[in-house]
Amino acid sequence: MSSDTRPTIVVVGASGYLGRRVAALARARFRVRATYYSRPPDEDHTSDTVWQALDVRDGAAIAACVAAARPAVVVNCAYVQQGPDVEAITAVAPGVLAQAAQRAGARYVHLSSDVVFPGRSDRPYREDDDPAPVHDYGRAKLRAEQLVAAAHDAPLIIRTSLLYGGADEGPQERMVRGALAGDDLSFFTDEVRNPIEVDVLASAILELVERDRHGLLHVAGADALDRLTFAQLLAAAMHADASGLRGRPRLQTAGARPGNLALDCTKARGLLRDTVLTGAREALSRRGRRSGTGW
């Protein structure tokens, strides 16, 4: 019999960008059961983490996974932004996971997004503002919030924004590197977000779990930036010439895009004691000074 008396946390989607960091940081306090769809990250296949394949489109598999783990906490980081499985993975699965957590008597944390809002506000969105997404991904994220709230007595639903940084390059960095290398990419000049470092978000999630918080919270970086400005900051942190990055208004792209998605994170900042929701300007300036010649 194991002498490890730590509670168990199930991190769903732990092979993804955010999920990997949540699982890694959670090891300090929890026994970690980490799920993946196709294969676990090789470097994270450690003896103190139990990796388990899980297809979140399979409700019976979800129920069996959570019941077998007997967790204290379930954190859902799994999603897709496009393709035929957006409804099943991004919208429906979070509610099924919440129901399984409720049956197991476990806390449940769901990661949502700023794109549940239309982006037409002249001020940052607060938690009590009415969501009205303008595209399919945003609608899937909002449906997930509704299903989670209906399935679990006291979930923690965290709306966040663009992720960057961490030990591995994320999609934002890869886009910038591609644009700098000559890829046909441009960045919106009129879509405003609050980018947050992936490790900061992971730390905030776990601190809020430790403090037994629930409800709806906005957790994002301190700086509201348009996509082009953010890309330029990323390039500067890479010690690259950002002058070649191109911007364009979102109305020049196909499909609906939200505008000002700035989030008011006053409530979260008041609850967090150990995690500072740093802005991208400060974080990337610090990273650039530390890296010297690159990332």
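**Going through the chain**

Modeller: Among contacts between residues at least 6 apart in sequence, 75% join residues at least 24 apart. Keep in mind that this is a predicted model.

Biologist: What is the secondary structure of the chain?

Modeller: There are nine helices and 13 strands.

Biologist: What radius of gyration does the chain have, and what would a compact globule have?

Modeller: The chain has 19 Å, and a compact globule of 295 residues would have a value near 19 Å, so the two agree. Along the principal axes, the C-alpha atoms fill a box of roughly 60 × 40 × 40 Å.

Biologist: How many of the residues count as buried?

Modeller: Of the 295 residues, 52% do. The chain exposes about 13,400 Å², and carbon and sulfur atoms supply 47% of that area.

Biologist: New topic, charges. How many positive and negative side chains are there?

Modeller: The chain has 37 positive and 36 negative ones, and the centres of the two sets lie 2 Å apart.

Biologist: How many salt bridges are found in the whole structure?

Modeller: The search gives 21. Side chains of opposite charge can pair when their charged atoms come close.

Biologist: Take aspartate 199. Which residue does it form a salt bridge with?

Modeller: Its partner is arginine 21, and the closest N and O atoms are 2.6 Å apart. Aspartate 199 lies in helix 6 (residues 198-210) and arginine 21 in helix 1 (residues 17-26), so this pair ties together parts that are 178 residues apart in sequence.

Biologist: What is the relative accessible area of aspartate 199?

Modeller: The value is 28%, and aspartate 199 is partly exposed.

Biologist: Stay with helix 1. Which of its residues are buried?

Modeller: They are Leu18, Gly19, Arg20, Val22, Ala23 and Ala26.

Biologist: What covers the buried residues of helix 1?

Modeller: The cover includes strand 1 (8-12), strand 2 (31-36), strand 4 (73-76), strand 5 (107-113), strand 7 (163-164) and helix 6.

Biologist: Back to salt bridges. What does arginine 139 pair with?

Modeller: Arginine 139 forms a salt bridge with aspartate 136, with 2.8 Å between the closest N and O atoms. Both are in helix 4 (residues 136-151), three residues apart, which means about one helical turn separates them.

Biologist: Why does a spacing of three matter in a helix?

Modeller: An α-helix has 3.6 residues a turn, so residues three or four places apart point the same way.

Biologist: Which residue forms a salt bridge with arginine 286?

Modeller: That is glutamate 197, and the closest N and O atoms are 3.9 Å apart. Arginine 286 lies in helix 9 (residues 280-291) and glutamate 197 in strand 10 (residues 196-197), so the pair ties together parts 89 residues apart in sequence. Arginine 286 counts as partly exposed at 29% relative accessibility, while glutamate 197 is buried at 13%.

Biologist: Which residues are linked in a network of salt bridges?

Modeller: Asp114, Glu191, Arg193, Arg227 and Arg257 are linked in that way.

Biologist: Last one. Where is tryptophan 51?

Modeller: Tryptophan 51 is in strand 3 (residues 49-53). Its relative accessibility is 12%, so tryptophan 51 counts as buried.

Technical notes:
Residues numbered from 1 in each chain as written. Predicted model: local features only at pLDDT ≥ 70, side-chain atom pairs only at ≥ 80, totals over all residues. Heavy atoms only, no water. Helix = DSSP H or I, 4+ residues; strand = E, 2+ residues; numbered from the N terminus. Rg over C-alpha atoms; globule rule 2.2 N^0.38 Å. Buried < 20%, exposed > 50% of the residue type's maximum accessible area, 1.4 Å probe, protein only. Contact = heavy atoms within 4.5 Å. Areas by Shrake-Rupley, 256 points an atom, 1.4 Å probe, with all protein chains shown as cover. Lys, Arg positive; Asp, Glu negative; His and termini not counted. Charge placed at Lys NZ, Arg CZ, Asp CG, Glu CD. Salt bridge = Lys/Arg side-chain N within 4 Å of Asp/Glu carboxyl O.
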